[in-house]
Amino acid sequence: MSCSSSSGSEEDDEGLESYRKGGYHAVRVADQFAGGRYIAQRKLGWGQFSTVWLAYDTITSGYVALKIQKSAAQFVQAALHEIEILSSIADSAPSNSKFVVQLIDQFKHTGPNGQHLCMVLEYLGDSLLRLIRYNHYRCLPMNKVREICKCILIGLDYLHREHGIIHTDLKPENVLLVSTIDPAKDPIRSGFTPILERPEGNINGGVTSLIEKKLKRRARRAVAKISGRRVSMGGTGEAHKSDRNMDGIDVRCKVVDFGNACWADKQFAEEIQTRQYRAPEVILQAGYSFSVDMWSFACITFELATGDMLFTPKDGQGFSEDEDHLALMMELLGKMPRKIAIAGAKSKDFFDRHGDLKRIRRLKFLPLNKLLIDKYKFSEIDAHEFSEFLLPLLDFAPERRPTAEQCLQHPWFNCKESIPNEMINESSVEKVDVGMSNLKIKVGK
Ligand code: ADP
Ligand code: MG
């Protein structure tokens with residue numbers, strides 16, 4: 001199974017055609033799971049493997065996220081793997097695991113499309129992708145970027161050093177805020193009364209609401225045609241509204257989606273990571289380790305700070321997406337050292353023996369610092385500080401990239417408007433010593 005799973009644009013939906021034997025389980029509001037313990041409230045999201053629902057836990061009287069996997073054998077296998085990883089993570093000291101999602105329970109659920117493995121996870125808020133979209137793909141304030149980075153890094157340090165686990169699919173969809181952006185969407189803060197029984201005539205469920213959504217979209221298109229306007233189907237259509245104030249948004253976050261994670265000493269797949277967040281050694285098939293997550297982390301950080309993805313490769317006349325990707329990397333970071341360029345199993349597909357790309361000859365170099373100033377209007381000092389933080393993470397030599405632990409010590413976190421540790425000490429996430437002193441070093445692989 002390809003590990004480059006992606007929910008693509010979250011604006012899309014999971015597709016009705018996947019609700020079939022071996023596919024998704026169709027859920028309706030108030031459906032019961034695990035012998036009535038969990039009651040479905042509303043859909044939270046979806047991925048290539050699953051749909052995820054907000055559920056009310058009748059035993060604890062709290063809310064959980066119910067991840068319901070597709071039922072075909074390979075998805076069951078993937079879920080078992082995810083459960084294995086999540087259980088091993090949950091096993092150790094809870095204070096250290098605060099920045100990765102917690103597995104609460106698991107069970108099987110049989111429906112018309114087969115038997116689905118279900119994971120009960122702690123309920124979290126919106127993904128970083130939704131945050132970026134909410135911010136209209138503009139630059140997020142640097143203090144917010146720093147807060148988010150700190151959470152991801154503590155999560156990564158925990159996974160890498162304490163468990164020897166590589167996430168392999170870090171991207172904005174797979175980092176979730178602890179709270180919802182809109183407080184009205186939070187069942188606790190909004191004083192939502194849990195739905196325990198299906199109201200008479202209620203057709204609002206996963207599949208039915210999908211059909212409604214499709215119909216609405218078709219209607220919108222029809223209206224747009226009549227009025228001769230082009231409607232942006234992708235975004236919220238609010239791109240020209242005034243800037244949102246991000247001050248009040250709680251950006252503490254956690255790493256989720258361990259469906260593709262692996263142990264550094266027990267790897268399964270050669271092709272890992274979602275395209276835009278993929279490290280060069282993965283493209284070249286030169287072997288990989290924890291540092292692939294650090295590359296993806298740098299890509300996410302850039303995206304938060306600018307609103308744009310760092311690399312968006314496309315295939316073109318006479319060259320592949322992979323080759324374009326390598327070219328984009330070199331245009332930003334300088335030429336890849338020959339030794340590294342020719343060292344992978346796939347190197348010969350892209351590079352000649354001098355270490356030059358075979359099909360893309362003229363590179364347009366634009367260093368990160370200059371890109372930040374010219375295109376994103378960073379001040380010189382901000383651009384300089386930010387580049388100093390990011391560039392070491394984007395080293396072509398994987399072993400030279402800083403570890404998550406080293407990254408947390410970087411002076412960028414002490415830049416002036418930064419408010420480093422406050423967020424960690426607030427109530428809903430228990431206190432964690434952000435200085436890494438309390439993390440035991442266990443993994444010495
Ligand atoms: P997949 O393995 O199918 O990609 P994910 O674990 O990435 O599934 O979950 C799919 C989506 O469901 C996420 O992008 C997010 O929107 C939502 N989601 C997942 N886990 C949670 C959670 N614990 N709390 C709230 N929403 C969640
Ligand atoms: Mg996912």
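Helix H6, residues 291-306, has 16 residues and spans 23 Å from its first C-alpha to its last, close to the 22 Å expected at 1.5 Å a residue. In this predicted model, 16 of the 16 residues of H6 are buried, so the helix is largely enclosed by the rest of the structure. After H6 comes Gly 307, whose phi is positive, near 85°.

**The protein as a whole**

- The protein contains 13 helices and ten strands.
- Of its 445 residues, 53% are buried.
- Among contacts between residues at least 6 apart in sequence, 70% join residues that are at least 24 apart.
- The accessible surface of the protein is about 20,800 Å², and 52% of that surface belongs to carbon and sulfur atoms.

**The nonpolar cores**

- The largest nonpolar core has 99 residues, and those with the most contacts inside it are Leu 131, Ile 152, Phe 258 and Phe 297.
- Helix H3, residues 142-163, supplies the largest share of this core, with eleven residues.
- Both domain 1 (1-124 + 183-234) and domain 2 (128-181 + 249-445) give residues to this core, so the core lies between them.
- A second, separate core has 15 residues, including Ala 30, Phe 33, Ile 68 and Phe 107.
- Apart from neighbours within four places in sequence, Ile 152 is in contact with Leu 128, Val 175, Cys 253, Val 255, Phe 297 and Ile 300.

**Helix H11**

- In helix H11, which covers residues 380-390, the buried residues are Ala 383, Phe 386, Ser 387, Phe 389 and Leu 390.
- These buried residues fall within an arc of 160° when seen down the axis of H11, so they line one face of the helix.
- An α-helix has 3.6 residues a turn, so residues three or four places apart point the same way.
- The cover over the buried residues of H11 includes H3, H6, helix H10 (368-374) and helix H12 (404-408).

- Asp 31 is located in the segment before strand E1, which covers residues 32-33.
- The relative accessible area of Asp 31 is 15%; this residue counts as buried because the cut-off is under 20%.
- Leaving out neighbours within four places in sequence, the contacts of Asp 31 are Ala 26, Tyr 38, Ile 39, Ala 40 and Arg 198.

Definitions and conventions: Residues are numbered from 1 along each chain as its sequence is written. Chains are lettered from A and ligands numbered from 1 in the order in which they are written. This is a predicted model: local features need pLDDT of at least 70, side-chain atom pairs count only at pLDDT 80 or more; totals for chains, interfaces and linings use all residues. Side-chain values use heavy atoms; hydrogens and water are left out. A nonpolar core is a set of buried Ala, Val, Leu, Ile, Met, Phe, Trp, Tyr and Cys residues joined through side-chain atoms within 4.5 Å. Buried means under 20% relative accessible area, exposed over 50%, partly exposed in between (1.4 Å probe, protein chains only). Helices (H or I, at least four residues) and strands (E, at least two) are DSSP runs, numbered from the N terminus. Domain bounds come from an automatic or database domain assignment. Contact means heavy atoms within 4.5 Å. The arc is that of the directions from the helix axis to the C-beta atoms. The expected span of a helix is 1.5 Å times one less than its number of residues. Accessible areas come from the Shrake-Rupley method with a 1.4 Å probe; for residues, only the protein chains shown count as cover.
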